[in-house]
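Here is a short briefing for a first look at this structure. Keep the sequence and the 3D view side by side as you read.

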Amino acid sequence: DAKTTQPNSMESTEEEPVHLPCNHSTISGADYIHWYRQLPSQGPEYVIHGLTSNVNNRMVSLTIAEDRKSSNLILHHATLRDAAVYYCILRDHSGTDGAAAVQYLCGGEKEGI
């Protein structure tokens, strides 16, 4: 079973890029790296995913190490609206997964996960 590990929390100031790391040293060749975020009192929402190469969309980038054992979700211009719990999930074509969460805190506010 592939597992992911992430730091418990990250903090930054508004409008600065935030790099959220995920370690997945047991990743298999068929595993996609998915990122979701969960805002307070809401369900998880899809952010981005990739397999072997870096991926960008208008809000974030996903950088994947050449050996695929780690990745980073980059929030380019983080604001208070981006404060959430971010989940890094490995999912293969069969739909099985392992997940870890990191809470990103903007502006120094702290909350429990």
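Strand S6 (residues 60-64) and strand S7 (residues 70-75) run antiparallel and are joined by five bridges. Within this pairing, serine 61 has isoleucine 74 of S7 as its bridge partner. The model is a predicted one.

**The sheet**
- S6 and S7 belong to an open sheet of four strands, in the order S2-S7-S6-S5.
- The pairing in this sheet is antiparallel.
- Strand S2 (18-23) and strand S5 (55-56) stand at the edges.
- Each edge strand has a single partner strand, so one side of each is left without a neighbour in the sheet.
- In general, strands of a sheet pair through backbone hydrogen bonds.

**The aromatic pair**
- The structure holds one aromatic pair.
- Tyrosine 36 and tyrosine 46 form this pair, in an edge-to-face arrangement.
- Their ring centres are 5.9 Å apart, and the planes make an angle of 75°.
- Tyrosine 36 lies in strand S3 and tyrosine 46 in strand S4 (residues 45-50), so the pair ties together parts that are 10 residues apart in sequence.
- Tyrosine 46 is partly exposed, with a relative accessible area of 43%.

**Arginine 37**
- Arginine 37 is found in strand S3 (residues 32-38).
- Is arginine 37 buried or exposed? Its relative accessible area is 13%. Buried means under 20%, so arginine 37 counts as buried.
- The side chain of arginine 37 makes a polar contact with the side chain of tyrosine 86, at 3.5 Å.
- Leaving aside residues up to four places away in sequence, arginine 37 touches several residues, among them Gly43, Pro44, Val47, Arg81 and Asp82.

Conventions. Residues numbered from 1 in each chain as written. Predicted model: local features only at pLDDT ≥ 70, side-chain atom pairs only at ≥ 80, totals over all residues. Heavy atoms only, no water. Pairing = 2+ DSSP bridges. Helix = DSSP H or I, 4+ residues; strand = E, 2+ residues; numbered from the N terminus. Buried < 20%, exposed > 50% of the residue type's maximum accessible area, 1.4 Å probe, protein only. Polar contact = N/O pair within 3.5 Å; in protein donor to acceptor, adjacent residues only side chain to side chain. Contact = heavy atoms within 4.5 Å. Phe/Tyr/Trp six-rings, centres within 6.5 Å; stacked < 30°, edge-to-face > 60°.
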